[in-house]
Amino acid sequence: MNIIGIGIDIIKIKRFKKIVKFFKEKFLKKILSYKEIQLYNSSSRKINFLAKRFVIKEALCKAMGYGMSHGISFNNLEVYSNKMNKPKINYLGNSKKKKEFLKIKKSHISFTDEKKYAQAIVVLE
């Protein structure tokens, strides 16, 4: 196993309440893929849903060694759960090219949230 990168991120969930209230749909479209927006709309804990997706994507970009300025948009990284409810990433658009360039074979994701914070760690191999 060769590790390509490790990324970690943490955010205050309260911060997202303010951002979503101010920017509304525009912010959602910037952060979430089309499928994730559908899941967000059916979620009973919308802010936590959004916060978790954000920290996972931020940690993933850190693990890749890229940021938003290098052509990866958060809405081109789609977080989903496999059959065992394990979080996985679907690389879309430009992020798919970056994945192929880096030769990413596997991604390992762990995340958590509680009242005040959401946190994620991503290991790419």
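**A serine in a loop**

Mentor: Serine 33 is placed in the loop that lies between α2 (25–31) and α3 (34–42). The model is a predicted one, and what follows should be read accordingly. Serine 33 has a relative accessibility of 3%, and because buried means under 20%, this residue counts as buried.

Its surroundings may be considered next. When neighbours within four places in sequence are left aside, serine 33 is in contact with Lys57, Asn75, Glu78 and Leu92. With one of these, glutamate 78, the side chain of serine 33 makes a polar contact to the side chain, at 2.7 Å. By way of contrast, lysine 18 stands 15 residues from serine 33 along the chain, and their C-alpha atoms are separated by 21 Å.

Two of the elements concerned deserve a description of their own. Strand β2 covers residues 77–81 and runs antiparallel to strand β3, residues 87–91, with five bridges joining them.

Helix α4 spans residues 46–64, and its axis comes within 9 Å of the axis of helix α1, residues 13–23, with a crossing of roughly 105°. The two helices, α1 and α4, are therefore roughly perpendicular to each other. From α1, Ile13, Phe16, Lys17 and Val20 meet Ile47, Asn48, Leu50, Ala51 and Phe54 of α4. Sorted by class, this contact has seven nonpolar residues, one polar and one charged.

Key:
Residues numbered from 1 in each chain as written. Predicted model: local features only at pLDDT ≥ 70, side-chain atom pairs only at ≥ 80, totals over all residues. Heavy atoms only, no water. Pairing = 2+ DSSP bridges. Helix = DSSP H or I, 4+ residues; strand = E, 2+ residues; numbered from the N terminus. Axes fitted to C-alpha atoms, helices over the stretch in contact; angles between N-to-C directions. Parallel < 35°, antiparallel > 145°, perpendicular 65-115°, else oblique. Contact = heavy atoms within 4.5 Å. Nonpolar A, V, L, I, M, F, W, Y, C, P; charged D, E, K, R; others polar. Buried < 20%, exposed > 50% of the residue type's maximum accessible area, 1.4 Å probe, protein only. Polar contact = N/O pair within 3.5 Å; in protein donor to acceptor, adjacent residues only side chain to side chain.
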